[in-house]
Amino acid sequence: MPTAQLINELQSCGVRLVDPNAGHQSRRGGAGPSDHKAITIDGMTVMVPVHTAPAFESAYLVDKPDASGRSRLSRSGLTLAEVNFPVRPRFYDLSTTDGIPYWKIAVLHGRDVLATTVLQSCIRYQSRTKTCQFCAIGQSLAAGRTVERKTPAQLAEVAKAAVALDGVSHMVMTTGTPPGRDRGAAILAESAAAVKAAVDLPIQGQCEPPDDDGWFSRMKSAGVDTLGMHLEAVTPAVRRRVMPGKAQVSLDRYFDAFAAAVPVFGRGQVSSYILAGLGDTKEAILATCETLIALGVYPFVVPFVPISGTPLESHPPPPPQFMHEILSVLAPMLRTAGLQAAAIKAGCGKCGACSALSTYERAV
Ligand code: SF4
């Protein structure tokens, strides 16, 4: 099976781990996609669901790794690939001067991405009627796995260590949406400025479109290299159903914001996460991707992963064929437009671990 399709299958179906403790700490709870574990297949590190209901029943099985971390991926007894697990990052063993373990400030995603949720609370998360139904931003906080507000000084300290000890090559800073019109742009700007003063590390900021487009140049000057403004769902009815609070920011506002942000950050340096499998048709997703690409925005289409404890925990992930029919069309569209994951300076599109999209791109 070609690797792109295999990765696509694994991300839709998940994998069963013979040893649930294989690899380093899984990503559970938090903002955005979760309940994954990083696994390296054919040299490519991908995030694969391991803690979801479909993963517990997946036909894909990963054996207990040997002493060097190597393992075997199989299906019905047939070996498909050798896989290994990234080792626990060294910076996880350190604590800040005020005694907070570094892994509560930022974590390793994929192979070499430092990721943090600067503000682990969100105006959208306060009530069931407003919360994004797929999001678990409050869960890791409630479980004591993170702190609510990471200060610029803490982020700078952890980023410097993660570069020095573990060779991270870019950083993702996301945030819950705070009250106020900037929608998180201000705390991203001050956090990026502190990190950039400590270490030369490309940074992606992720937030909702701020009310004032002037925030794009403020964020850029502060050290945010690339920007993610995530649509998640693309059809108005699906947006209202799965993210009733965030859907109050209209699609028109998103597209105006994309048009204003691209000249600041550059073509292909603004991106949008699209979660396939929430109810949008593949035609709707591809039509939105076409609009985004025309604006110079990289559409990062990832399969929805049902996270335990969220209102959508029983919603099925998209079938692999659904993802294949999107990604196999999207990859050539990106190629024709000259947008590519590899050219992104920082962020989820560059990391690519949550989707098979970049593998499809390489196959074009
Ligand atoms: S694609 Fe984004 S969310 Fe997924 S592992 Fe990479 S940095 Fe993290």
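**Overall form and cysteines**

Modeller: Start with the radius of gyration. A compact globule of 364 residues would have a radius of gyration near 21 Å, and the chain has 19 Å, which agrees. Keep in mind that this is a predicted model.

Biologist: What does the C-alpha trace span along the principal axes of the chain?

Modeller: The spans are about 55 × 50 × 40 Å. Within them, the chain has twelve helices and 13 strands.

Biologist: How many of the residues count as buried?

Modeller: A residue is buried when its relative accessible area is under 20%. Here 58% of the 364 residues count as buried. The chain still exposes about 14000 Å², of which carbon and sulfur atoms supply 53%.

Biologist: Which contacts should I look at along the sequence?

Modeller: Take the contacts with a separation of 6 or more: residues 24 or more positions apart account for 71% of them.

Biologist: Where do the charges lie?

Modeller: Compare the centres of the two sets. There are 35 positive and 31 negative side chains, and their centres lie 1 Å apart.

Biologist: How many disulfides does a search of the whole structure find?

Modeller: A disulfide needs two cysteine sulfur atoms within 2.5 Å. The search finds zero. For C132, the nearest cysteine sulfur belongs to C135, 6.1 Å away. C289 is also in no disulfide, as its nearest cysteine sulfur, that of C348, is 15 Å away.

Biologist: Are C132 and C289 buried or exposed?

Modeller: C132 has a relative accessible area of 11%, so it is buried. C289 counts as buried because its relative accessibility is 0%.

Note on methods:
Residues are numbered from 1 along each chain as its sequence is written. This is a predicted model: local features need pLDDT of at least 70, side-chain atom pairs count only at pLDDT 80 or more; totals for chains, interfaces and linings use all residues. Side-chain values use heavy atoms; hydrogens and water are left out. Helices (H or I, at least four residues) and strands (E, at least two) are DSSP runs, numbered from the N terminus. The radius of gyration is taken over C-alpha atoms; the globule rule is 2.2 Å times the number of residues to the power 0.38. Buried means under 20% relative accessible area, exposed over 50%, partly exposed in between (1.4 Å probe, protein chains only). Contact means heavy atoms within 4.5 Å. Accessible areas come from the Shrake-Rupley method with a 1.4 Å probe; for residues, only the protein chains shown count as cover. Lys and Arg count as positive and Asp and Glu as negative; His and the chain ends are not counted. The place of a charge is taken as NZ of Lys, CZ of Arg, CG of Asp or CD of Glu.
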